[in-house]
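My entries follow in the order I looked things up.

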Amino acid sequence: MMKDVRLLTDRIISGYIPDGEELEFILNVPDEDVTYLTRKAVEARMAVYGKEVFIRGLIEISNYCKNDCLYCGIRRSNCNADRYRLTKEDILECCKEGYEAGFRTFVMQGGEDGHFNDDRLADIVSTVKEKYPDCAVTLSVGERSFESYKMLFDAGADRYLLRHETATDEHYAKLHPSILTLENRIRCLYDLKSIGYQTGCGFMVGSPYQTYENIVEDLRFIKEFKPEMVGIGPFIPHKDTPFKNFPSGSVTHTLRLLSIVRLIHPKVLLPATTALGTAKKGGRENGILAGANVIMPNLSPVSVRKKYMLYNDKLTTDEEAAENLNMLKKSMEEIGYFITANRGDFKK
C-alpha cells in the first residue's frame, strides 16, 4: 500500500487503480496535499480538450417512473411527487429555445415512463434531428431492450446516459428493489456501446452503505468499460424516500474522484453535475477546476423544473435559457475556461 499522494497519482496516471486503503487516504488528505493530483488531472484534460467547456441542454421529459429505487425522489412509491410529462411540442419548444441560445446537444432525461414507448420516443428523436441536424441528441431514460436502444439509435440518438450506480452486486441490492439487478444494468451498458452510442455510466459518491472498496470497483469498471462519458456527483437525500435521513455525500470526495476518473480515462467527457452545484455554492466551477469539462444547464420549462426533484433542494433556476447560459459563460470565464458552441463529441 502506498501513502504518498504524488507517487500514488503517478501510478494512477500509468493505469493503476488504488486499493480501498489507498483510496481512503487520497480522498481524505488535506486539500494542500492533493494539488499535484488536481494539477495532473487538469493537464490530462487540457491535453485532450484544452480549456473548452461543453454544454448540454437538459430537458427533463417526465417524472413518472415505474421503478422504486430507494434513493430517488421520483420513485414510484413517492405519493408526494407532483407528476408531469412533456408533450412532443413542449420538447421541440425547449430545443428551439436552446438552439437559439447556442446549445448543440440536447439531453432528454426522464424516469422509466411507459408513455414514452419506442415509437413515440423515436418520433421525437427523429424530429429533433431533422430540425437540428448539426446537434447531438442524448437520451437518459433508463433500462430498455437491445431492440429498443437500436430503434432509438436508428432514429438519430447519438448518446445515452445510464449510471451503473455501483459495480458491486451487494451494494446495488441495497439501493434498489429486487426486481432491478446490476447484471441487467451492465447488460444495458454493453448493449448501448455495441450499437454505437457514445455511452455514459457513473455513480453517486457517498450513497448509503457505500464503502471505499465499492468505489474501487466503480473505478475498475470505468477503466475496463471505457465509457465516453462518466457522471458522478455527491449523494443528496430526498425527504420522501427511505434514505431521507442518510447524510449527503462529500463534495471533497467527489472533486477528488473527478480528478482520478480524468487520470484513468483522459479522453472522457466528464460533467460537473447539478448535484455538485446543489451540494456546494460554486460546486460546478470547482468540478471544472478538478478536471471536468461538461456542464448541463436546464432547458426544461420553468413550470416543471421544481417537479423533477431527484433529491432535496435540487439546484434550479427561473432564468430563460439564454440568460442562464450567459451567467454560466461568465462564471467559466472567471476561472479561466470558456463555453464552446459545438456538439462536444468524445475524441477517439
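Entry 1: I began at the start of α1, where a side-chain oxygen of aspartate 4 comes to within 3.0 Å of the backbone nitrogen of arginine 6. I note that the model is predicted. Next I asked which residues of α1 are buried. In this helix, residues 5-13, they are Val5, Leu8, Thr9 and Ile12. Viewed down the axis of α1, these buried residues fall within an arc of 100 degrees, so they line one face of the helix. The general rule is that an α-helix has 3.6 residues a turn, so residues three or four places apart point the same way. I then looked for what covers the buried residues of α1, and found α2 (20-28), α3 and α10 among the elements that do. After α1 comes glycine 15, and its phi is positive, near 115 degrees.

**Entry 2: threonine 105.** I moved to strand β3, residues 105-110, which contains threonine 105. Is threonine 105 buried or exposed? Its relative accessible area is 0%, so I logged threonine 105 as buried. Leaving out residues up to four places away in sequence, I listed what threonine 105 touches: Ile55, Arg56, Gly57, Ala136, Thr138, Arg159 and Arg343.

**Entry 3: the largest cavity.** I took its volume as about 1,100 Å³. How many residues line the largest cavity? There are 49, and Gln109, Ser140, Arg163, Glu165 and Leu310 lie nearest its centre. At least two lining residues each come from β2 (57-62), β3, β4 (136-140), β5 (159-161), β6 (198-205), β7 (229-234) and α11 (274-279). β7 has the largest share, five residues. I sorted the lining of the largest cavity into 26 nonpolar, 13 polar and ten charged residues.

**Entry 4: the second largest pocket.** This pocket holds about 280 Å³ of space. I counted 13 lining residues, with Asp31, Val34, Thr38, Leu255 and Arg256 nearest the centre. The elements giving two or more residues to this lining are α3 (35-49), α10 (251-264) and α12 (283-289). α10 gives the most, five residues. The lining of the second largest pocket splits into five nonpolar, five polar and three charged residues.

Technical notes. Residues numbered from 1 in each chain as written. Predicted model: local features only at pLDDT ≥ 70, side-chain atom pairs only at ≥ 80, totals over all residues. Heavy atoms only, no water. Helix = DSSP H or I, 4+ residues; strand = E, 2+ residues; numbered from the N terminus. Buried < 20%, exposed > 50% of the residue type's maximum accessible area, 1.4 Å probe, protein only. Contact = heavy atoms within 4.5 Å. 1 Å grid on protein atoms, 1.4 Å probe; cavity = no way out; pocket = protein on both sides within 12 Å on 5 of 7 lines; lining within 4 Å. Points joined across faces, edges and corners; volume = space filled by probe spheres on them. Nonpolar A, V, L, I, M, F, W, Y, C, P; charged D, E, K, R; others polar. Arc of directions from axis to C-beta. Polar contact = N/O pair within 3.5 Å; in protein donor to acceptor, adjacent residues only side chain to side chain.
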